[in-house]
Amino acid sequence: MRYAAVGDSFSEGLGDELPDGSQRGWADLVAAGLPGDDVRYANFAVRGRLLRPIVEEQLEAALTLSPAPTLISLNGGGNDMMRPGTDTAALLTLIDRAVQRVVDAGIRLVVVAGPNPSQRLPFGGSIDRKGEIITSATADLAARHGVEFVDVFHDEEIRRPPYWSADRLHLNAAGHQRAAGLVLSGLGYAQAAHMVDPGPAEPRRLRDEARYYREHVLPWVQRRLQGKSSGDNRSGKYVTWTPIKA
């Protein structure tokens, strides 16, 4: 089994930080959960990446691995949806091209729709509307090509606050664990759905909201105004085959 992941911060694993400061994430957990004694894993995902470089750069790099992957996961479009004037038709054309490319290569593909962060984000309604359009169309596209599709976007459990990092945009360790279970189940491998005890609901206080905007929203806005990305000068964390113990 040789599994390669391409995508953005969701597939990179942002929010699931290990003690050494590295990011783990659902794709790493999927790799560890795949059957077999000789599982190899590559992950080209980079935070902040738009869908076009995911398809034109990361996917092409994955397809040139030697030996070739036996499984690829594709996720992307979340960063595109956060920008004004999103061309959903262009995004779907890119997804269709990527799926066809993998199908033509004879490699098993799972397309993963990322979780829906819109409930607690500024301008979340816009993200939710775009996500609904893209997720629905991608599900139809995947069915047409005969590839697996895992819809984390519509998973109600993962929308609850205990699964999210302080930035409200990325999953935390519990969220990535649940996403991994959904993907493994979608691939046909028995996996119990991870759930966390919600505990008492915490009120949203004004000072907490002010801190959130200061620490997370304003830096994002500043990067957009400067034309920068959190993934600038970064590469995938595993760009060659890495052994994974089953």
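In this predicted model, Val102 is buried, at a relative accessible area of 1%. The residue belongs to helix α5. Beyond the residues up to four places away in sequence, Val102 touches Leu59, Ile72, Ile107 and Leu109. Its C-alpha lies 8.7 Å from that of Leu59, although 43 residues separate Val102 and Leu59 in sequence.

Helix α5 was examined next. Its 17 residues should span 24 Å at 1.5 Å a residue, and the C-alpha atoms at its ends are 24 Å apart, so expectation and model agree. The helix buries Leu91, Leu92, Leu94, Ile95, Ala98, Val99 and Val102. These residues lie on the same side of α5, because they cover an arc of only 155 degrees around the axis. Their packing partners are α3, β3, α4 (78–81), β4 and α6. Gly106 follows α5 and has a positive phi, near 75 degrees.

The largest nonpolar core holds 29 residues. Within this core, Ala4, Ile72, Leu74, Ile95, Val99 and Leu109 touch the most other members. At least two core residues come from each of β1 (2–6), α3 (51–63), β3 (71–74), α5 (88–104), β4 and α6. Helix α5 gives the largest share, seven residues. Leu74 illustrates the packing.

The strands were then traced. Six of them form an open sheet, ordered β5-β4-β3-β1-β2-β6. Pairing in the sheet is mixed. Strands β5 (148–151) and β6 (238–244) are the edges, each pairing on one side only. On average, and with direction ignored, neighbouring strands are turned by 20 degrees against each other. At one end of the strand order, β4 (residues 108–113) and β5 run parallel and are joined by four bridges. Helix α6 (residues 124–145) lies across both β4 and β5. Its direction is at about 160 degrees to β5.

Most peptide bonds are trans, and most residues other than glycine have a negative phi. The peptide bond from Ser66 to Pro67, however, is cis, with omega near -5 degrees. Pro67 sits in the loop between α3 and β3. Arg168 has a positive phi, near 65 degrees, and is not a glycine. The loop between β5 and α7 (173–186) contains Arg168. With a relative accessibility of 8%, Arg168 counts as buried, since the cut-off for burial is under 20%.

Key. Residues numbered from 1 in each chain as written. Predicted model: local features only at pLDDT ≥ 70, side-chain atom pairs only at ≥ 80, totals over all residues. Heavy atoms only, no water. Pairing = 2+ DSSP bridges. Axes fitted to C-alpha atoms, helices over the stretch in contact; angles between N-to-C directions. Contact = heavy atoms within 4.5 Å. Core = buried A, V, L, I, M, F, W, Y, C linked by side-chain atoms within 4.5 Å. Buried < 20%, exposed > 50% of the residue type's maximum accessible area, 1.4 Å probe, protein only. Expected span 1.5 Å × (residues − 1). Arc of directions from axis to C-beta.
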